[in-house]
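Please open the model in your viewer and keep the selection tool at hand.

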Amino acid sequence: MTDFSNSTLLVTGANGNLGRIVVEELLARGAKHTVAGTRDTAALADFAARGVDVRRLDFDDAASLQSAFAGVDRALIISTVAPNRTEQQTAAVAAAKAAGVSYLAYTSAPNARPNADAGGIADHYWTEVAIAASGLDFTILRNHIYADMTLVGAAPALASGQLFEATAGKGRNYVTRADAARAAAGALLTATGKQILDITGPAPVQQAEVAALYTKLTGKSVSAVTLTGEQLLGGLQAAGVPSFMAELLVAFDLDAAQGHHAVVTDAVKQLTGREPESLDSFLTANKAALAG
C-alpha cells in the first residue's frame with residue numbers, strides 16, 4: 001500500500017462536521033503536511049495551533065481557490081451544500097489541476113447521474129465528470145446517507161409517533177459520518193489510480209427498523225409511514241425545510257425506493273482498517289441524544 005503521509009494534503013470545508021473529523025484522522029495517522037481550507041480561517045485556530053496550514057478557501061472566490069490549492073499534492077473536495085454547487089465544485093477541480101495537484105478525492109452520493117429528477121444528485125454527477133475529465137488520479141467516495149441523520153429525524157418522529165418516508169420499504173445502508181471521514185482520510189493517505197467507491201455501513205436497514213430502534217431505545221412508540229415523493233416533499237416544506245434541501249431529501253428517499261441505497265461494500269474497511277459501525281450500535285451509543 002502506498003503511503004502519502006509525507007505529501008501535502010488539502011481538505012476543503014475543513015470546519016464542517018465531516019471536514020474536522022478528516023483533519024483529525026490525518027493527524028492521527030501521521031500526515032506531515034496537512035492543509036485545512038475554510039471560508040473562516042479564525043474558526044480553525046485550534047488546528048493552526050497544532051501545525052496545520054489553515055488557508056482561506058471559498059468555492060465562490062476564484063482567487064481563494066488558486067491560493068488554497070497552491071503547492072498541494074493531493075486534495076479532498078468535500079461537497080458543498082448550495083444551489084450552485086456544480087459550478088462551485090467544477091471550479092475547484094479546475095483550480096486543483098491548474099495548481100498541479102496530482103490526485104483528488106471527492107465526497108459524492110450513491111448512483112450519481114444527470115437525470116433531471118435526481119435532484120441534487122445531478123450536481124455530484126457533473127462534478128464526477130469534471131474530475132474524470134481532468135486527467136488526475138481520483139477516488140470518488142459515494143457516501144451513503146449518514147447514520148447521524150437518524151438523530152435529526154428522531155425528534156419529529158418521537159414527537160408524533162410517526163416516521164414519514166418515501167423509501168417504499170427498501171433498505172438503505174447507513175454509514176456514520178465518522179466512518180465516512182476516516183475513509184476519506186484513508187483515501188488521501190493511500191489511494192492510487194482512478195476508482196469509484198460506495199462508502200457504506202455493514203448492512204441495509206429499512207425505515208421500519210429505524211422506527212423500531214427509536215422505540216427500543218426511548219420507550220416511545222414510533223411507526224414508519226410510507227408516503228409518495230410528492231407527499232413527503234409537501235410535508236417537509238410545510239415543516240419549514242428550505243425547498244432546495246427538501247428536494248435533496250426526497251430525491252434521496254426515492255433513490256432508496258429504487259434500491260440504490262442497499263449496496264454493501266467493504267470500502268470503509270479497505271480505507272480505514274476497521275469495520276464500519278452499524279446503525280444499531282450508533283444509535284445505542286447516542287441514546288442520550290435521542291432522549292434529548
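This is a predicted model: local features need pLDDT of at least 70, side-chain atom pairs count only at pLDDT 80 or more; totals for chains, interfaces and linings use all residues.

**Helix 8 and its covered side**

Begin by selecting helix 8, whose buried residues are Gln 207, Val 210, Ala 211, Leu 213, Tyr 214 and Leu 217; buried here means under 20% relative accessible area, exposed means over 50%, and partly exposed lies in between, with a 1.4 Å probe and protein chains only. Residues are numbered from 1 along each chain as its sequence is written, and side-chain values use heavy atoms, with hydrogens and water left out.

Helices (H or I, at least four residues) and strands (E, at least two) are DSSP runs, numbered from the N terminus. If you now show what covers the buried residues of helix 8, you will find among the covering elements helix 6 (149–160), strand 7 (162–165) and strand 9 (223–226), together with helix 12 (279–285) and helix 13 (287–291). Just after helix 8, select Gly 219, which takes a positive phi of about 80 degrees.

Next, select the seven strands that form an open sheet in the order 3-2-1-4-5-6-8, with parallel pairing; two strands pair if DSSP finds at least two bridges between them. Strand 3 (53–56) and strand 8 (194–199) stand at the edges, each with a single partner strand, so one side of each is left without a neighbour in the sheet. From one strand to the next, the twist averages 15 degrees.

Within this sheet, strand 1 and strand 2 run parallel and are joined by four bridges, and Leu 10 can be found opposite Val 35 in strand 2. Strand 2 is mostly covered, since five of its six residues are buried. Moving on to strand 4 (residues 74–77) and strand 5 (residues 103–108), you will see a parallel pair with four bridges, where Leu 76 stands opposite Ala 105 in strand 5.

Now select helix 3 (residues 62–69), which lies across strand 1 (8–11), strand 2 (33–38), strand 3 and strand 4, and which runs at about 160 degrees to strand 3; axes are lines fitted to C-alpha atoms, for helices over the stretch in contact, and angles run from 0 to 180 degrees between N-to-C directions. Gln 66 lies in helix 3, and at 59% relative accessibility Gln 66 counts as exposed.

From there, turn to helix 4, whose buried residues include Arg 85, Thr 86, Ala 92 and Val 93. The buried residues of helix 4 pack against helix 3, strand 4, strand 5, helix 5 (121–134) and helix 10 (243–257), where contact means heavy atoms within 4.5 Å. Just after helix 4, Gly 100 takes a positive phi of about 90 degrees.

**A last stop before strand 1**

Is Ser 5 buried or exposed? Ser 5, found in the segment before strand 1, counts as buried at 6% relative accessibility. Not counting residues up to four places away in sequence, Ser 5 touches Gly 30, Ala 31, Lys 32, His 33 and Leu 189.
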